[in-house]
Amino acid sequence: MKTIAPELLPLLKQYFGFTSFRPLQEEIIRDSLSGKDVFALLPTGGGKSLCFQLPALTRDGLTVVVSPLIALMKDQVDALQAGGIPATFLNSSLAADESRKRLRGLHNGEFRLLYAAPERLMLSGFLEDLQRWNVRLIAVDEAHCISEWGHDFRPEYRQISDLRKLFPDVPFMALTATATGRVREDIVKHLKLREPKCYVASFNRPNLTYRVIPKNKPYDQLLQFLRARPRESGIVYCQSRKSAERVAANLTEDGVPARPYHAGLTPKERSGNQELFLRDEVRVICATIAFGMGINKPNVRFVVHYDLPKNIEGYYQETGRAGRDGLPSECVLLFSAGDVVKQTGFIDEKPDPQEQKIAREQLQQMVHYAECASCRRVELLAYFGETFDAQENCGACDNCLSPRATFDGTLAAQKFLSCVYRIREKNGFGVGLNHVVEVLTGADTEKIRKWNQAELSTYGIGREHSRSEWAAIGRELVRLGFLRQTAEKFSVLELTNEGRAALKERRKITLIKPVTAPETKVHHVGEIACDEGLFDRLRQLRKQLADERDVPAYIVFSDVALRQMARNYPANESDFTRISGVGEKKLREFGEIFLGEVAAYLQMNARQIFADDSFTASAAPPPSRGNLGDSARETLRRFRTGQTVAQIARERGVTAGTIYGHLAEGVERDEPVDLQQIFTVAELAAVAAAFGRSGFGALGPAFELLGGKIDYGRLRLFRAAANAKK
């Protein structure tokens, strides 16, 4: 491992608040600073932006960032300016006066980074300006857009290679979060990268849990999922604009604030809805694939695919919007065979046969992922050419957490394979999966009559299974390699050599039962245990400060930073600088405010102690049932004489929170405490219901479900009493 260049670490801490690089960042930055072209494939949340942002601070001149979306530009520039970095963007969202002002700043050398779309860059007058602005690096973000094999192909990206002629001595950097080997080759070729240094990080996102759920009344499934996560925000991807609008409207009516996002909305509506989401004004964005590329909201806790994605690259990119801060997040796909039929219909409408073929191949791969019984992480990584190291169980997908049941499918496989063989033998050509199913189930269709297939020995021999069951069996035989499915418009099934051998030798074939929703509770690896009460206070403060500055909340601090504050209780500037993301500017601007909030919270609440200093999902261990301390025993004595919590707190010169803590401590040591002196009957019922929904772990979810009407001290006491009864 190379030693980190000493001049980079102070800049990293000063402007970004970090003390070390993520994997590959240092090497990419070094090569770029030495004048080499670089290709970098880093997963979403892997720190791509830093690779061109930090070099821009080490030297004079301008770094030009080619960016595909207006939202992406504004998002990144807001974050850079919050850290004290002179950056700007130019696009159609700006008024003429504002554009002229930024152009003057560029002419005067006031900025280190400029974000612009490829269409803007390639305007003749703009190219002339670029040549006067001392361009030192050209970074092409979301570089997969240049490839027709990429999931977001944008023809205008092909023009970027013309910049090479105008800037022959300026290094290029191409960055993407998702690309197969074919797309990587396209990027290098079309951008005319010269002997580039190529870096490919692992595609594995260990903090993401992947699940596929059989689609059945999808809106009800979605609503149940969201109501179980009342404090979390996320994205619901829908196939159509109409669906996105309908789901968003229904969720809002059912008490889950949501907004749609799609290309059919006006730019003002799109940006307005996006801002509400970024600022945590709404919990859910219901979006088509137009949403999300490059959006840097780190605390997206879930991504739900309401409909089947078109391809794995798009799916991976979209799920990658979740958990960019490294905290546990969920990716759920609602799957049905009906969605496959819909997507196939859309593919058939494409005018270009080559595009149709590519799209069919990609859809087959997506269906394979949705129906497979093996580890989903292994399947995803294998698509990108990466082998997952886990021996047996990734611990964070439905197939590993709740392995699917299998059955002896030899007879069913023999029937299906034999039917494929007999059809080709009789008619001299192959047919598609659905037609094979119709023959097996004895359907009376025009094609079966036309080709006399009722005469086949396999006609009607599969009536013990439904058509959907036979279709699933057929797709699994394709996955297992016994059949091959072509990607032409009239896709046909063909026996492979393996399939012929299995048919001839009557090999035993094990098949899986249809996918069912997992029952096992997901263990969230990587959670940061913290004082949830303080975390909520800090979130409210962050929101207030962000609104005052007209920026999304995470521009102030990430959830990771707030959780570290709520775990470590920083008491001075030295402590505060150890929080992730605290650089010089944020220390000056926010240090005193957040330190004051932590101190104020500790005036009213006892400091919590956690199991260790690592990030862990487990809370601090319960206190041992030893002797009760003198102070807590005095509180109990007074409480049993009929004094109220407020009276005890006032006479003893402590906070009510401390008194509730004493009472909870007594309950944990088997001391009887009458909760009816603390709660009304109605309050007890409401609190019990809230904990019933949120569980008896962190207090924050119950606090939120109760609308903040019951303070944390009383909730802590109720939890202690409930746990004591177990």
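**Cysteines and their setting**

Modeller: C419 counts as buried, at 0% relative accessibility, where buried means under 20% relative accessible area, exposed over 50% and partly exposed in between (1.4 Å probe, protein chains only). This is a predicted model, in which local features need pLDDT of at least 70 and side-chain atom pairs count only at pLDDT 80 or more, while totals for chains, interfaces and linings use all residues. Residues are numbered from 1 along each chain as its sequence is written, and side-chain values use heavy atoms, with hydrogens and water left out.

C145 is also buried, with a relative accessible area of 0%. A disulfide is a pair of cysteine sulfur atoms within 2.5 Å, and the count by this rule is zero. C145 is in no disulfide, and the nearest cysteine sulfur, that of C51, is 18 Å away.

Taking contact as heavy atoms within 4.5 Å, 72% of the contacts in the protein chain between residues at least 6 apart in sequence join residues at least 24 apart. Along its principal axes, the C-alpha trace of the protein chain spans about 95 × 70 × 50 Å.
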